[in-house]
Amino acid sequence: STQMAGRGTDIRLGGADEAAHDEVVELGGLCVIGLARHRTERLDNQLRGRAGRQGDPGSSVFFVALDDDMVTEGGAGEELTVTPDADGLIRDPRAAAFVDRAQRVTEATMLSIHATTWKYNKLIGDQRKILDDRRERLLTTDLAWTELADREPERAEDVLSRVPEDVAEDAAREIMLHHLDMGWSEHLAELDDLRESVHLRALAKESPIDEFHRASIAAFRDLAADAVDASAKTFRTVDITSKGVDLEAEGMGRPSATWTYMVNDNPLSGGGDSVLGSVAAMFR
């Protein structure tokens, strides 16, 4: 399959140099033998597609046992009574239909799981985009210094009397980024705990996903204000010299782990944009 051989990889008949190509073609080409069926038909078709490529002949055959995981999971406890041939093979058409139906069931289950996972991660992905935009502006403009100077004008005047303006701006930028990153790390840890327990809301006839969205948006809204408040507090007390600011010496190291949520495009996209828009405005 593509997972095993890589996308666009062809198995050359007759070896890498195709010296025995014609001989292999006369024998029927490549025969793909599957020892089980995957939980999705797409992967089976990828395997089948390895045979008969580029106009060459080929064939495929799959051997499936009625006690394979995919069959028992998709069969949902249903039993099929069939009699194997003398060689131990089951050629009854009912068995083939039973396996096909079990595969469709397991595939539908996997799609449902993926859709649910995506719904949880979609909001987190949107929040990450808002945060990335905030970080970009802090990194590329004097926004950090402007915001801290507005919050602590006397402290800003004192700093500028002792260090060059570019050093002061870099120090403010480092302080703001530190607290923003720490807040995001703590936010994701909180959401991870929430996601583990939110399914209990179903006992109260509430939608776990809706409750997760409500709680995560509220927590993200607090993140904006908390990061600025913490930055202003640090700015008031931290030692800023001509060499800048050493946050690690002040006991403020960066997060020890990076939490990453990858969110792909999905046709199930829905609401939430208007709510996130109001939250995003708090970071501008």
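Guide: Accessible areas here come from the Shrake-Rupley method with a 1.4 Å probe, and for residues only the protein chains shown count as cover. On that basis the protein exposes about 17,200 Å², with carbon and sulfur atoms supplying 50% of it. Bear in mind that this is a predicted model, where local features need pLDDT of at least 70 and side-chain atom pairs count only at 80 or more, while totals for chains, interfaces and linings use all residues. Residues are numbered from 1 along each chain as its sequence is written, and side-chain values use heavy atoms, leaving out hydrogens and water.

Some background before we zoom in. Of the 284 residues, 35% are buried (under 20% relative accessible area, 1.4 Å probe, protein chains only). You'll find 10 helices and 4 strands, which are DSSP runs numbered from the N terminus: H or I of at least four residues for helices, E of at least two for strands. Take contacts (heavy atoms within 4.5 Å) with a separation of 6 or more: 76% of them join residues 24 or more positions apart.

Now for our part, helix H9, which spans residues 208-237. What does H9 pack against? One partner is H5, residues 93-140: their axes come within 10 Å and cross at roughly 15 degrees (lines fitted to C-alpha atoms over the stretch in contact, angles running from 0 to 180 degrees between N-to-C directions). That makes the pair roughly parallel, a label for angles under 35 degrees. Their crossing is right-handed, so the near helix is turned clockwise from the far one by less than a right angle.

On the H5 side, the residues in this contact include Tyr-120, Leu-123, Ile-124 and Arg-134; on the H9 side, look for Phe-212, His-213, Phe-220 and Val-228, among others. The whole set splits into 12 nonpolar, 4 polar and 2 charged. Nonpolar covers Ala, Val, Leu, Ile, Met, Phe, Trp, Tyr, Cys and Pro, charged covers Asp, Glu, Lys and Arg, and the others, Gly among them, are polar.

H9 also packs with H6, residues 143-151, at about 75 degrees, their axes 10 Å apart. These two are therefore roughly perpendicular, which takes in 65 to 115 degrees. Trp-145, Glu-147, Leu-148 and Arg-151 of H6 meet Val-228, Asp-229, Ser-231, Ala-232 and Phe-235 of H9. This time the tally is 5 nonpolar, 1 polar and 3 charged. Keep an eye on Val-228, which takes part in the contact with H5 and in the one with H6.

Key: Buried means under 20% relative accessible area, exposed over 50%, partly exposed in between (1.4 Å probe, protein chains only). Angles under 35 degrees count as roughly parallel, over 145 as roughly antiparallel, 65 to 115 as roughly perpendicular and the rest as oblique.
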